[in-house]
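Trainee: Could we go through the charged side chains of this model together, taking the surface and the salt bridges in turn?

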Amino acid sequence: MTDRAIATPPTAPTPLEPPALSPANQAVLTQLTRKDFVSDQEVRWCPGCGDYSILAQTQKVMPDFGYPKENIVFISGIGCSGRLPYYMNTYGFHSIHGRAPTLATGLKAARPDLMVWVITGDGDALSIGGNHVLHSMRRNVDIKLVMFNNRIYGLTKGQASPTSELGKRTKSTPDGTIDHPIMPLSVALAAEATFVARSVDTHTEHLQQTLERAGRHRGSAFTEVLQNCNIFNDGAWRSFTDREVRDDRMLVLEHGRPMLFGKDRDRGIRLRGLHPEVVQLGVDGVAEDDILVHDEHAEDPYLAFMLSRMFFPDFPVPVGVIRDVERPTHDELLSAQLAAAVEQRGEGDLEKLLNGGETWTVEPDDRP
Ligand SMILES: Cc1ncc(C[n+]2csc(CCOP(=O)(O)OP(=O)(O)O)c2C)c(N)n1
Ligand code: SF4
């Protein structure tokens, strides 16, 4: 083995801990409320947009984390969702299209003590920024990525997005889109995100709890929020999120509890071979013991992937935490590797590296 042998990575990340503060600053922190996270900027979303609710819930959960405002950063790409950092009274970047995870990766590598949130849309995250989202997740960068999914490009006035349904007529697809839509949660799981969840803009209590869970996760946290763009795609999720139908058409996941749903919690999800099926308790001898029990910490992602594929009208739409597992984070691995390199080879010298002798000349004869 050479001295460059693969280092043993630290086992599991420590839960996200706020930075150590003096008692005086700690006292100030405990008094923070939602209002402290509201900036003085005028909110410029269309009246009735689902973004308002996501902003309000985000501001509401912030004091719970015990982080000073100065240690929290919101980074966005381009789109209506991209305006959110202006409205948070924290540090923030409104970056370029699809690149928020990239900026967040750099920031987290340089300042692991910061709590970093990435705000993105379905187009920003899955189309323009698909590559960047993918790699931030597989690296387990400690960022909380919240993707507002309105199934449309809002800011550019209603073109089809990667989550638009097949056949959807939009300004960019006047005869209906011919592209199969992406399931964002499946993408996040395939990309190895260590936390994957879904909530809805109008289900405010559930959204608040989900953001709180995402915020406490150490590692790459992907949260899809089903959001209504009332101007260009009104009612995209209404068929299963409306108050009158949601109990029957949504499955609220809880760790360790059977996957039951319905107003009377009398329907559930059972596994038949490799496929889920909806069953009715008491019919054909189905009992609660037959119903799948949700395990968000399962090491293998198979059932989580199954949940990520379930959708209305064939299935109730799962919401809540689909997966929450531990893996060393990117910044932990990077810090450990840097420390080991310095110990073995001493402090680096950038000047020496740049002016080092390892250069070569390409001769005309070398060309193929
Ligand atoms: C490189 C690049 N491509 C395209 C655009 C145009 N553009 C701006 S916002 C946007 C779509 C945003 O949609 P989404 O991410 O779903 O966010 P929403 O506005 O719906 O919140 C596009 C295509 C751009 N600004 N830069
Ligand atoms: S265009 Fe749609 S997503 Fe954008 S602010 Fe207006 S309602 Fe919201």
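Mentor: In this predicted model, Asp295, Glu299, Asp300 and Glu326 gather on the surface in a patch of negative charge. Glu299, one of these residues, sits in the loop between β10 (275-280) and α11 (302-309).

Trainee: Is Glu299 buried or exposed, and what is its relative accessible area?

Mentor: A residue counts as exposed when its relative accessible area is over 50%. Glu299 passes that cut-off and is therefore exposed, its relative accessible area being 59%.

Trainee: How many salt bridges does a search of the whole structure find?

Mentor: Side chains of opposite charge can pair when their charged atoms come close. Searching the whole structure for such salt bridges gives a total of 18.

Trainee: Which residue forms a salt bridge with Asp142 at 3.1 Å between the closest N and O atoms?

Mentor: The partner of Asp142 at 3.1 Å belongs to helix α4 (residues 100-110), whereas Asp142 itself lies in the loop between α6 (130-138) and β4 (143-149). The pair links distant parts of the chain, 34 residues apart, and both of its members are buried. The residue that pairs with Asp142 in this way is Lys108.

Terms used. Residues numbered from 1 in each chain as written. Chains lettered and ligands numbered in written order. Predicted model: local features only at pLDDT ≥ 70, side-chain atom pairs only at ≥ 80, totals over all residues. Heavy atoms only, no water. Patch = residues over 30% accessible without salt bridge, like charges linked within 9 Å, V, L, I, M, F, W, Y side chains within 5 Å. Areas by Shrake-Rupley, 256 points an atom, 1.4 Å probe, with all protein chains shown as cover. Salt bridge = Lys/Arg side-chain N within 4 Å of Asp/Glu carboxyl O. Lys, Arg positive; Asp, Glu negative; His and termini not counted. Charge placed at Lys NZ, Arg CZ, Asp CG, Glu CD. Helix = DSSP H or I, 4+ residues; strand = E, 2+ residues; numbered from the N terminus. Buried < 20%, exposed > 50% of the residue type's maximum accessible area, 1.4 Å probe, protein only.
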